Amino acid sequence: MLKQIEGSRAVAEAVALCRPQVICAYPITPQTHIVEGVGEMVKDGTLTNCEFINVESEFAALSVAIGASAAGARTYTATSSQGLLFMAEAVYNAAGLGLPIVMTIGNRAIGAPINIWNDHSDSMSMRDAGWIQLFAETNQEALDLHIQAFRLAEALSCPVMVCMDGFILTHAYDRVDIPMQAQVDGYLPPYEPRQILDPADPVSIGAMVGPEAFTEVRYMAHHKQLRALTLIPQLSAAFERQFGRASGGLLRSYRTEGAETIVVALGSVIGTVQEVIDEMREAGTRIGAVSICSFRPFPLAALRDALQNAARVVVLEKCLAVGLGGIVSDGVRKALSGIQLKGYTVIAGLGGRAITRASLLQLFTDATEDELEQVTFLDLNAEVVNHELERESAARRSGPTAEAILRRLGTVASHIG
Amino acid sequence: MTETGEHMATEMQEVKFYQTGTFTVGNRLLAEDERSVQANMQRTNSLNSGHRACQGCGEALGARYAIDAAMRATGNQLIAVIATGCLEVFTTPYPESSWQIPSIHSLFGNAAAVASGVAAALRVTGNSATRVVAQGGDGGTTDIGFGCLSGMFERNDDVLYICYDNEAYMNTGVQRSSATPPAARTATTMAVGKEPGNVFGTGKNMPLIAMAHNIPYVATASVANLRDLEFKVTKAMGIHGARYIQIHVPCPLGWGSLPADTIKLARLAVESGLFPLFEAEHGELSGSTKIRSKVPVEDYLRPQKRFAHLFGKEPDTARLARIQAAADRNIARFNLLPQ
């Protein structure tokens with residue numbers, strides 16, 4: 001059924017169609033509307049046979065989810081930013097225990113400085129925790145990925161994060177096609193736990209493991225993700241057969257035929273990237289794009305196939321490995337091991353900085369002329385940075401950096417966008 | 001009836017004999033249905049022998065007593081959640097797991113929340129017969145697990161949380177927790193300086209904090225009083241909603257006491273008034289176990305090396321008096337002496 005609704009509401013309805021049995025909620029912007037949506041559906045009786053639990057922290061949210069999942073319930077929660085960091089210990093634990101929890105990340109920057117707007121720093125900080133991470137390009141894909149995520153998680157007994165850009169997707173009203181319950185039921189079978197706390201067949205879960213077996217247990221977690229590399233495209237294809245539209249998969253290529261320059265990106269920015277590519281293609285530039293949906297497991301082989309004939313790759317990242325540059329770029333370089341081509345990392349959209357068509361057009365033009373630095377910060381205000389560097393070198397007690405920059409910028413509204 | 005025997009106002013069978021010097025009623029002198037769970041050959045041994053606890057471990061005893069009693073109360077339909085700590089370390093390593101019932105260990109600070117999740121899953125899957133018990137040490141309860149525990153209380157989730165209180169972080173090498181008593185030596189409250197050991201005027205009383213959540217049931221218990229402990233666990237399992245029991249469990253390693261003295265020290269803690277045994281329902285104190293033979297706090301403190309600095313060449317009378325005052329305050333506050 002076609003509906004014009006907020007992205008968060010679309011996800012809430014998708015989650016409800018997956019018949020979750022326990023949902024844990026703790027508020028953090030921009031994730032709030034999602035759990036509010038499912039909470040309302042539980043309270044008004046639309047979503048039956050489901051416990052909606054208001055907890056006291058994100059750490060508790062995922063901990064309750066761990067207990068519920070281990071006791072055999074299909075379990076869901078959602079968070080963002082600081083919330084994901086606050087639950088970090090439980091994020092690793094849920095994956096280590098192999099519990100198929102599905103969690104939405106409304107992607108948001110991490111402080112300090114505190115910032116509620118979108119980038120990918122939060123989920124990327126948990127990239128090695130053992131969760132599968134799927135990034136949505138659109139609200140339709142966010143909706144679809146949740147349905148795939150439960151099936152994927154339960155098939156592998158591995159938790160899955162569905163990452164969607166905070167505000168840009170979570171708060172955007174867009175047309176989405178909401179499937180019928182019978183369609184979802186046909187795709188997603190009831191949860192059959194691989195392990196369960198059951199007095200009739202007692203097991204200990206979460207035992208201490210020493211050096212004699214730790215490596216093997218960790219290898220099994222890695223192996224699970226390697227299996228996901230095969231399973232994700234299969235489930236995406238099965239989804240297309242069931243619902244009549246393509247969503248998910250490891251990655252997608254856009255106009256990469258004969259492309260000398262290929263842009264790699266994740267999430268909602270790919271829409272803007274494609275528009276700029278269309279414009280440059282019309283002007284005769286051989287440029288294309290690859291959007292990564294599955295960031296964990298990282299699709300090394302598929303990415304290599306998609307990129308190996310290019311002359312240069314521009315990785316557009318909404319995150320920053322401080323002191324190194326890009327996070328996604330590292331994976332891309334690994335995928336291209338042994339292949340000679342030019343690689344550029346572009347840090348863009350941090351803390352909600354708008355990534356405009358004009359900026360991207362300039363950026364990609366510079367890239368095709370190989371006039372980019374190895375690591376570029378898109379639309380960095382060099383004047384502000386230089387002034388602050390001078391100010392800090394002039395006085396020992398120069399005070400807090402962020403506040404000094406804000407003071408210099410003055411009223412902020414005129415600088416956004 | 002002996003003079004001390006009159007102090008025990010029991011409404012059950014009139015008890016005529018106690019084991020010499022212990023005030024423990026011999027099971028054989030009681031009717032079958034009044035005997036302890038531990039006395040029953042059919043007890044579940046939920047926490048089996050062969051685990052890796054130290055000799056004289058109060059926590060191992062407390063956990064076995066409590067879980068066996070909870071098993072009997074639930075018809076063996078029980079799931080255990082364990083916080084990181086001694087209990088987890090000495091019971092879970094495979095292939096020697098001592099847990100004969102389904103159990104999960106997740107993290108140090110989230111046992112109460114994991115148990116909430118288990119309870120929610122049981123409810124939503126229509127499994128009303130199976131119940132859940134969460135367990136942690138005092139560090140996992142009063143410090144790092146405090147937030148999750150308070151949340152579980154506040155939501156009145158159907159969980160019995162048991163804190164095995166040995167008054168410090170024993171698993172990591174005897175560091176201070178917020179349950180460490182004043183003057184006690186730990187690795188982080190060293191027995192040096194002008195006032196050796198833990199400072200006075202700090203720490204938190206978790207049973208009282210639990211009561212402030214107005215949950216259906218709160219109790220304290222001791223491994224020295226098996227029947228009282230089993231009674232409270234059984235009572236707790238007969239109630240739905242959030243329940244809290246704190247069991248005092250001496251730790252020979254951390255306390256510097258003889259393994260053979262574990263029960264004796266636990267009893268002295270009770271009889272001195274330092275560890276009051278009481279129950280509370282819906283936030284109100286509903287009863288306390290009377291002290292049968294009051295002893296000065298010195299009797300409890302002196303056998304423990306963690307308090308040795310109080311009994312040097314010149315006894316630290318000032319600080320001993322402060323500890324005695326705390327015990328006397330407990331006695332008055334919880335009505336621990338027979339009127």
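This passage walks through a sheet in chain A, the contact between chains A and B, and one buried alanine.

The model is a predicted one, so local features need pLDDT of at least 70 and side-chain atom pairs count only at pLDDT 80 or more, while totals for chains, interfaces and linings use all residues. Residues are numbered from 1 along each chain as its sequence is written, with chains lettered from A and ligands numbered from 1 in the order in which they are written.

Let's start with the sheet. Chain A has an open sheet of 6 strands, in the order β10-β12-β11-β14-β15-β16, and its pairing is mixed. (Helices, H or I of at least four residues, and strands, E of at least two, are DSSP runs numbered from the N terminus; two strands pair if DSSP finds at least two bridges between them.) β10 (251–254) and β16 (375–377) of chain A sit at the edges with a single partner strand each, so one side of each is left without a neighbour in the sheet. On average, neighbouring strands here are turned by 20° against each other, direction ignored. Leu251(A), for instance, has Ile292(A) in β12(A) as its bridge partner.

Two helices lie across this sheet. Helix α10 (residues 269–282) of chain A covers β10, β11 (261–265), β12 and β14 (312–317) of chain A, at about 165° to β12(A). Helix α12 (residues 328–335) of chain A lies across β11, β14 and β15 (342–347) of chain A, at about 155° to β14(A). (Axes are lines fitted to C-alpha atoms, for helices over the stretch in contact, and angles run from 0 to 180 degrees between N-to-C directions; contact means C-beta atoms, placed from the backbone, within 7 Å.)

Now to the partner chain. The contact takes 34 residues from chain A and 38 residues from chain B. On the chain A side, β3 (51–54), α3 (58–70), α5 (88–97) and β9 (204–205) each give two or more residues, and α3(A) has the largest share, 9 residues.

Finally, Ala25(A) lies in strand β2 (residues 22–25) of chain A. Ala25(A) counts as buried because it has 22 C-beta neighbours inside 10 Å (buried means 20 or more other C-beta atoms within 10 Å, exposed 12 or fewer, partly exposed in between, with C-beta atoms placed from the backbone). Beyond its neighbours within four places in sequence, Ala25(A) is in contact with residues including Val35(A), Phe52(A) and Ala61(A).
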